[in-house]
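Please read them with the structure open.

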Amino acid sequence: MLIFKLSTSIKKLFTKKGFTADVHEFTITERNTALFTAVKQVPADLSKYGGPLRGYFDDYSIQEVDIETGELLFFWSALEHINPADSVVPASSATSSNNIWDCYHVNSVEEGPNNTFLVSMRNMWTIYNIDKKTGKVIWQLGGKQSDFKLGPNAAFSWQHDARYRSENRISLFDDACCASSTSPPEGQARGFILHLDYKHKVANVDRTDYHDPALYVPSQENTQKLSNGNQLIGWGQEPYLSEFKNAGNTQRNPSFNLLYDMRYPNQNLSYRAFKNKWVGLPLYPPSITVDLLHDGQATAYASWNGSTETVAWQLLAGPTPFKLSVVIFSSPRIGFETDIHVQAAGPYFQVKALDSCGNVIGTSPTTYVKIRRNRRK
């Protein structure tokens, strides 16, 4: 079952055909449908692959479901179309995982041109281009049965997050690590873009992005194209996030074109990282609290968690909740919570959030503050 928030409502979608939704991919298409991956253990004799007699395939599916009705619109199974013998993970590994052979490990799906899907299978070291109508593989890149010759430095392994950049360019994250926790890495982790020459069936490196210092990343990660052509790299299991200029860098010069590098605190990490422009318009009102001092002086504290458009605060005060007047027309927003000092007795106060044009975009509840009386000596 998948649960997600759409606008102001919460939707629950259920996977079909006995599969269980997994964490690798979930997107909402332009058709307002949900596209996601799901997995199911299928009983099988794995002995002919070198695995246990009574074993299981980890079969991955791609499912598209109508968000409103829950109807299954598209279904594709890896086991029905991809030969498990092409896996780089030996079937014998199933004996250490409840006899389950994770031969495919689908970790990204993206809709492509001409009614196709671009699918990454980590444990195949392969990117597949799939015909959505027939389910057949149009071409595959990498792995044991690659339709493309890989040019210098273009080979990849244990990859994540395959995405179209154009019809003949794709980006992906080359983990180059690892078959198991004790296996050595194939190479240094990197984000990179490949140019596909369909006529000559050759894939060449278009650009690469390496981290400084070098990272060896066992799983996860992604690459994101930004609007200015730069690349944002999320380093997955390693707690880093980096942005590089459009030209990228090389393994010999990993600090070249690096704009910034961020490290998550403690043991935090991110499966994928994204940089986007967004507008925060909370569904709840701004907050206010007031310290009322003697001689009519007060300090109001205004905040609106999640608001990105608030640039200033307007403060109102009055003797009753129904007789409020503006005492501070505009106080610039400073940080999460803004202190506003004012000569106003209240005892009722309210703040209004202002945008960059001076428009009121939010109004707090009215708060009452008990007046402090000076004691006579």
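Which strands each supply at least two residues of the lining of the largest pocket? In this predicted model, they are strand E3 (20–28), strand E13 (160–166) and strand E17 (222–225).

1. Largest pocket. The space inside the largest pocket comes to about 290 Å³. Its lining consists of 14 residues, and Glu110, Arg163, Thr223, Gln224 and Phe274 are the closest to the centre. By class, the lining of this pocket holds 7 charged, 5 polar and 2 nonpolar residues.

2. Second largest pocket. Here the volume is about 230 Å³. The lining has 13 residues, with Val89, Ser93, Asp102, Asn123 and Ala179 nearest the centre of the pocket. The division by class is 6 nonpolar, 5 polar and 2 charged.

3. Nonpolar cores. In soluble globular proteins, nonpolar side chains tend to be buried together. The largest nonpolar core in the model contains 26 residues. Ile62, Trp76, Trp101, Tyr104, Phe117, Val119 and Met121 have the most contacts inside this core. Two or more of its residues come from each of strand E4 (33–44), strand E5 (55–66), strand E6 (72–77), strand E8 (106–112), strand E9 (116–121) and strand E10 (126–131). Another core, of 17 residues, lies apart from the largest one and includes Ala317, Phe349, Val351 and Val369.

4. Trp76. Leaving aside residues up to four places away in sequence, Trp76 touches Tyr60, Ser61, Ile62, His81, Ile82, Met121, Ile130 and Gly135. Among these neighbours, Ile62 and Met121 are also listed with Trp76 as residues with the most contacts inside the largest core.

5. The pair His341 and Thr299. His341 belongs to strand E25 (residues 337–343), and Thr299 to strand E22 (residues 297–303). The two side chains are joined by a polar contact of 2.9 Å. Are the two residues buried or exposed? His341 counts as exposed because its relative accessibility is 58%, whereas Thr299, at 8%, counts as buried.

6. Surroundings of that pair. Beyond four places in sequence, His341 touches Ala298, Thr299 and Ile328.

7. His211. This residue sits in the loop between strand E16 (202–210) and E17. Its relative accessible area is 2%, so His211 is classed as buried. What does the side chain of His211 reach at 2.7 Å? It reaches the backbone oxygen of Pro213. A further polar contact, of 3.0 Å, links the side chains of His211 and Asp261. Not counting residues up to four places away, His211 touches Gln188, Trp235, Tyr240, Ser242, Pro254 and Asp261.

8. Glu221. The loop between E16 and E17 also holds Glu221. Glu221 counts as buried because its relative accessibility is 0%. Outside four places in sequence, Glu221 touches His160, Asp161, Phe173, Asp175, Gly234, Trp235, Gly236, Gln237, Tyr271 and Arg272. Its C-alpha atom is separated by 9.7 Å from that of Tyr240, a residue 19 places away along the chain.

9. Backbone geometry, peptide bonds. Most residues other than glycine have a negative phi, and most peptide bonds are trans. Where are the cis bonds described here? One joins Cys177 and Cys178, with omega about -5 degrees; Cys178 lies in the loop between strand E14 (169–174) and strand E15 (190–197). Another runs from Asp212 to Pro213, with omega near 5 degrees. Pro213 is in the loop between E16 and E17.

10. Backbone geometry, positive phi. Asn32, in the loop between E3 and E4, has phi near 65 degrees, a positive value in a residue other than glycine. Asn153, in the loop between strand E12 (149–150) and E13, has a positive phi of about 65 degrees. Asn32 counts as partly exposed because its relative accessibility is 35%. Asn153 is also partly exposed, at 46%.

How values were computed: Residues numbered from 1 in each chain as written. Predicted model: local features only at pLDDT ≥ 70, side-chain atom pairs only at ≥ 80, totals over all residues. Heavy atoms only, no water. 1 Å grid on protein atoms, 1.4 Å probe; cavity = no way out; pocket = protein on both sides within 12 Å on 5 of 7 lines; lining within 4 Å. Points joined across faces, edges and corners; volume = space filled by probe spheres on them. Helix = DSSP H or I, 4+ residues; strand = E, 2+ residues; numbered from the N terminus. Nonpolar A, V, L, I, M, F, W, Y, C, P; charged D, E, K, R; others polar. Buried < 20%, exposed > 50% of the residue type's maximum accessible area, 1.4 Å probe, protein only. Contact = heavy atoms within 4.5 Å. Polar contact = N/O pair within 3.5 Å; in protein donor to acceptor, adjacent residues only side chain to side chain. Core = buried A, V, L, I, M, F, W, Y, C linked by side-chain atoms within 4.5 Å.
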